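Here is a short briefing on one protein chain. Keep the sequence and the 3D view open as you read.

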Amino acid sequence: MPSGYGTKPNLRGDQLPGPQTSVAGYSSWHYYVTMPMPASTFTIAVGCWTEMKPETCSSNDLAAEGPLPPSEANSRYIGICGHMEYPCRFQNPSATIQEIIPHRVFAPMCFKRVCQETLLRLIPPCLSAAHSVLGTHPFSRLDVLIVPANFPSLGMASPHIIFLSQSTLTGTSHLCGTRLCHEIAHAWFGLAIGARDWTEEWLSEGFATHLEDVFWAEAQQLAPREAQEQQELRACLRWRRLQDELRDSPEEMQVLRPSKEKTGRVSDSGASVIKNGLKPEKIFMQVHYLKGYFLLRFLAKRLGDETYFSFLRKFVYTFHGQLILSQDFLQMLLENIPEEKKLELSVENIFQDWLESSGIPKPLQRERQAGTECGLVRQVSAEVTKWVRVNRRPRKRKRRGKEEVFEKLLPDQLVLLLELLLEQKTLSPRTLQSLQKTYHLHDQDAEVRHRWCELIVKHKFTKAYNSVERFFQEDQAMGVYLYGELMVSEDARQQQLARRCFELVKGQMDRSSAEVVAEMLF
């Protein structure tokens with residue numbers, strides 16, 4: 001079903017305005033698109049925002065007219081598309097070399113400065129990085145809209161528009177950049193290529209999660225070794241998250257292809273059943289992000305980056321504009337790689353190990369057991385040891401000993417540091433106060449502050465309860481499980497804090513999130 005996104009100003013590309021009609025002072029605008037899209041991707045944003053555009057327009061922002069050089073033409077697989085007929089950018093020689101598509105940012109006036117200083121500057125390198133990895137941008141332009149604190153996730157992608165939570169704008173540019181890369185990746189996986197069966201969400205979220213790291217490393221222009229270190233650090237964080245999720249969720253919710261051989265089947269009436277689709281907790285689960293990410297990471301490491309991403313560009317060209325199943329990807333992958341790199345890989349083995357089983361996939365378990373910590377993780381481990389020593393020192397010492405010197409850490413390292421410190425049975429208020437001061441935790445991004453709030457709750461650090469209250473109000477998409485942490489402590493003051501914060505924000509919260517929190521509190 002054709003669908004898309006339109007706003008009143010400056011419609012371009014494959015979205016075209018229809019007639020305008022006016023009734024009793026109201027105007028109606030009608031739009032249609034030339035590219036067929038799943039109805040689930042239809043998005044309309046209505047509100048009052050400030051529009052921001054790049055100050056300058058480089059030659060890369062506009063597609064140059066003229067034929068492609070032979071080398072470019074070969075790398076972009078120019079040929080006949082497999083989708084139904086529509087004006088396709090993959091067939092447009094000027095579009096195939098367009099690294100940076102035209103883009104704008106829309107935000108409330110209070111976020112104008114941070115958007116100009118951070119977000120607007122991040123979009124070009126992230127778009128260019130995506131193009132360098134996957135080739136032709138499927139869509140002709142991009143708008144990025146900053147949505148309020150009550151938006152139920154950190155981001156969402158639809159044709160021509162990305163919603164980003166205001167939570168991504170705090171701290172350094174790291175969270176904003178990685179989330180932007182994730183949503184940009186959905187232009188290829190989730191929008192231009194969609195899952196034919198809704199239970200196979202990993203085909204969208206697994207790919208976007210894997211690609212966000214690749215895009216972000218390219219956007220930062222990291223040296224290969226540095227990029228690998230950062231990606232290993234993020235893999236470590238996701239491994240910890242996956243273990244937590246699998247430990248705390250029903251087994252039936254941990255399977256990426258729950259319908260198995262019935263995946264993709266429809267009834268005579270055209271209806272299909274989405275297994276577990278009505279379970280409210282499903283929207284808070286990340287198993288399809290994480291297991292999908294680890295499967296793709298496993299394949300890329302097995303084949304080598306050059307072979308894997310060369311194949312991925314070919315896959316994108318072959319299947320853009322179509323809906324796919326897992327076997328479409330896996331069969332084409334195995335048909336297009338050298339025999340010596342298959343190493344006993346088969347569609348059946350991947351189904352069994354990764355997509356149709358609950359729990360930790362066996363190949364991933366073996367990899368994590370055999371692997372060694374990367375340098376960035378070892379650095380965090382050393383910092384944790386220092387904090388444990390600080391925590392053990394008596395409050396008053398007879399002689400002043402040597403003070404610990406703490407290293408400057410990357411945002412992802414800070415997240416890991418706080419997660420590891422959460423495993424400590426007790427941390428004194430003095431230690432927590434020192435942590436807060438050393439890393440300026442009030443000013444870090446939302447991912448770091450979320451772990452900081454968990455430490456505050458676990459150790460009943462009352463002096464920092466205002467940080468928890470602030471998080472509930474400003475970062476609602478990430479605060480749902482914090483309510484549970486406050487309630488299970490059975491501490492009267494913490495339970496009172498949870499109920500007070502919920503009363504302040506429940507009228508603004510996303511309905512599903514509010515229902516889940518209400519069940520925790522009452």
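Predicted model: local features only at pLDDT ≥ 70, side-chain atom pairs only at ≥ 80, totals over all residues.

Residues are numbered from 1 along each chain as its sequence is written, and side-chain values use heavy atoms, with hydrogens and water left out.

**Whole chain**

- The protein chain holds 20 helices and nine strands. Both are DSSP runs numbered from the N terminus: helices are H or I with at least four residues, strands are E with at least two.
- Of its 522 residues, 52% count as buried. Buried means under 20% relative accessible area, exposed means over 50%, and partly exposed lies in between (1.4 Å probe, protein chains only).
- Accessible surface comes to about 25600 Å², and carbon and sulfur atoms account for 51% of that. These areas come from the Shrake-Rupley method with a 1.4 Å probe; for residues, only the protein chains shown count as cover.
- Take the contacts between residues at least 6 apart in sequence: 72% of them join residues at least 24 apart. Contact means heavy atoms within 4.5 Å.

**Nonpolar cores**

- In soluble globular proteins, nonpolar side chains tend to be buried together.
- A nonpolar core here is a set of buried Ala, Val, Leu, Ile, Met, Phe, Trp, Tyr and Cys residues joined through side-chain atoms within 4.5 Å.
- The largest nonpolar core has 89 residues. Leu119, Leu180, Phe189, Leu299, Tyr308 and Phe329 touch the most other members.
- Helix α3 (residues 112-134) gives the largest share of this core, eleven residues.

**Phe189 and Ser204**

- Leaving aside neighbours within four places in sequence, Phe189 is in contact with Leu134, Leu203, Ser204, Phe207, Leu211, Leu312, Phe315 and Val316.
- Ser204 sits in helix α5 (residues 202-219). Ser204 counts as buried because its relative accessible area is 18%.
- Not counting residues up to four places away in sequence, Ser204 touches His186, Phe189 and Gly190.
- The side chains of Ser204 and His186 also make a polar contact of 3.2 Å. A polar contact is a pair of N or O atoms within 3.5 Å; within protein, one must be able to donate a hydrogen and the other to accept it, and residues adjacent in sequence count only if both atoms are side-chain atoms.

**Salt bridges**

- A salt bridge is a side-chain nitrogen of Lys or Arg within 4 Å of a carboxyl oxygen of Asp or Glu. By this rule, the count is 31.
- Asp244 and Arg247 pair through their side chains at 2.5 Å, N to O. They are three residues apart in helix α6 (residues 224-247), so about one helical turn separates them.
- Asp244 is partly exposed at 37% relative accessible area, while Arg247 is exposed at 58%.
- Arg247 also forms a salt bridge with Asp248 (3.9 Å, N to O). Both Asp248 and Arg247 are exposed.
- Salt bridges that share partners join Glu51, Lys53, Arg104, Arg141 and Asp143 into one network.
- Lys53 is partly exposed at 45%, and Glu51 is partly exposed at 32%.

**Surface patch**

- Phe42, Ile44 and Val46 form a nonpolar patch on the surface, together showing about 350 Å² of accessible area. Patches are made of residues with over 30% relative accessible area and no salt bridge: like charges are joined within 9 Å, nonpolar side chains (Val, Leu, Ile, Met, Phe, Trp, Tyr) within 5 Å.
- Ile44 lies in the loop between β2 (26-33) and β3 (50-52). Its relative accessibility is 54%, so Ile44 counts as exposed.

**Positive phi**

- Most residues other than glycine have a negative phi.
- His440 has a positive phi, near 50°. The residue is in the loop between α15 (429-439) and α16 (446-458), and is exposed at 52%.
- Lys460 also has a positive phi, about 50°. Lys460 is in the loop between α16 and α17 (465-474), and is partly exposed at 38%.
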